[in-house]
Every structure is written in C-alpha cells, then in structure tokens.
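Subject: Structure handover

Hello,

Please find the structure below, followed by notes on what was found in it.

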Amino acid sequence: MNKKSNSIDAQQNPRPNHETGDRQASQMVERDATWDAFVRALAEPHIVDSADRSGLDALPIRYPRLFMNEPLPWGLQIGAGWTHLVTVLCARIDALLRQAPSARFHLHQVKEKFGGLRFYYETHGAPENIKQAIRKAVEQAILVSHECCERCGAMGAKRYSSGYLVTLCPRCASTL
Ligand SMILES: [Zn+2]
C-alpha cells in the first residue's frame, strides 16, 4: 500500500526467501542443542587466581588440533580470568573439527584488545557449515568476554586503566 506498511511487513517476516547459505548454516547451528550447552557453559562464572596460568598453559595439550603450529608466536596474551572462557571455546571448536576430520585449523593469536577477546585463526578444508559454526562460537566468546573480568573471571565491566580499556570486576578494579 505504501512504504511504511511494506517496512512493517518486512519486520514481521524477518526471513526473506533469498537467504544466503551462511545464514541457513547459522540457523542450523542455532537448532543444535550443543550450541545451547556451549552458550550456557560460557556464561558460567569461574573465579581463578589471577596469577594462575596453568589452565591457559594446558590448552595446547588438551586441544592439540587447535595448536598445530604451537607455540603461538606471542603466547596467549590474555589474563587468567578468561581461562574458562577460552577453554570452553577451544572445546567447542575441537568438537566441531571432529565433524571435519580432514580440516586443518591454525590458531595465530589470542589476545585482549579494547577489553575484549581477540581470537585470530584460519581454517583450511572445512565444510562451510563447520566454518560458520566456528565463527559463531568465536563471536559468542568475544561477546561474553566484554562482561568477564580478565583477571579473575568474575562478572566484569569495561573501565579505563592507565588509558587502556579493560574488562574488570569491581574488586580487581579497586586494586589498580
Ligand atoms: Zn576480577
């Protein structure tokens, strides 16, 4: 009838017929019960001693397929508070890779930037749905990192420390 009613129709029907393959793959992932379990596991608070990096150091041993080119050139450049977050992410990627036995995964860098997780990697020979599922898992972990204290793993928020944006809980922030 007019432009306004068309736009309302579009909002009420958010699934156009010309969906891309990627979007379809993403919806397949969303229907996957393991995705829900992954999201729940990421959100579980796991408080750690900020000096205890044993969980991070153990990742290449627990998930050798993700650390084929280990050691990482710069190591895991994140605080111990994100140990649980990154472990759950690695477990998810490892499980997805088991569905693609011939695929290769190269982790290049894991670091913090602007208070959020950065997880740089490449996949080779993985089917599109697996690549999409890995991308989605990484995006979810990044999202959660913005509310997870990088020092201790408690619920945190963005704040400035010495001019840098970091994600810390109130207790860790008070010791800056
Ligand atoms: Zn903290």
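Predicted model: local features only at pLDDT ≥ 70, side-chain atom pairs only at ≥ 80, totals over all residues.

Which residue is the bridge partner of Gln77 in strand 2? The partner is Lys111.

Residues are numbered from 1 along each chain as its sequence is written.

**Overall layout**

The protein chain has 8 helices and 5 strands. Both kinds of element are DSSP runs numbered from the N terminus: helices are H or I with at least four residues, and strands are E with at least two. In sequence order the pattern is α-α-α-α-α-β-α-β-β-α-β-β-α. Of the 176 residues in the protein chain, 27% are buried. A residue counts as buried if 20 or more other C-beta atoms lie within 10 Å of its own, as exposed if 12 or fewer do, and as partly exposed in between, with C-beta atoms placed from the backbone. Two residues are in contact if their C-beta atoms, placed from the backbone, lie within 7 Å. Among contacts between residues at least 6 apart in sequence, 66% join residues at least 24 apart.

**The sheet and the hairpins**

Strands of a sheet pair through backbone hydrogen bonds, either parallel or antiparallel. Here, two strands are said to pair if DSSP finds at least two bridges between them. An open sheet of 3 strands has the order 1-2-3, with mixed pairing. Strand 1 (76-77) and strand 3 stand at the edges with a single partner strand each, so one side of each has no neighbour in the sheet. Strand 1 and strand 2 run parallel and are joined by 2 bridges. Strand 2 and strand 3 run antiparallel, with 9 bridges; Gln109 has its bridge partner, Tyr120, in strand 3. The hairpin of strand 2 and strand 3 has 2 residues between the strands, and Phe114 takes a positive phi near 50 degrees there.

Strand 4 (residues 157-161) and strand 5 also run antiparallel, joined by 5 bridges. Ser161 has Tyr164 as its bridge partner in strand 5. Their hairpin has 2 residues between the strands, and in it Ser162 takes a positive phi near 50 degrees.

Helix 6 (residues 83-97) has 15 residues and should span 21 Å at 1.5 Å a residue; its end C-alpha atoms are 21 Å apart, which agrees. The expected span is 1.5 Å times one less than the number of residues. Its buried residues include Leu85, Val88, Leu89 and Arg92. Among the elements that cover them are helix 3 (33-43), strand 2 (104-113), strand 3 (116-124) and helix 7 (128-145).

A nonpolar core is a set of buried Ala, Val, Leu, Ile, Met, Phe, Trp, Tyr and Cys residues joined through C-beta atoms within 7 Å. In the largest one, of 32 residues, Leu85, Leu89, Ile93, Ala137 and Ala141 touch the most other members. Its largest share, 6 residues, comes from helix 6.

Not counting residues up to four places away in sequence, Leu89 touches Phe119, Ala137, Val138 and Ala141. Phe38 lies in helix 3 and is buried, with 23 other C-beta atoms within 10 Å. Phe38 and Leu89 are 51 residues apart in sequence and 8.0 Å apart in space, C-alpha to C-alpha.

Regards
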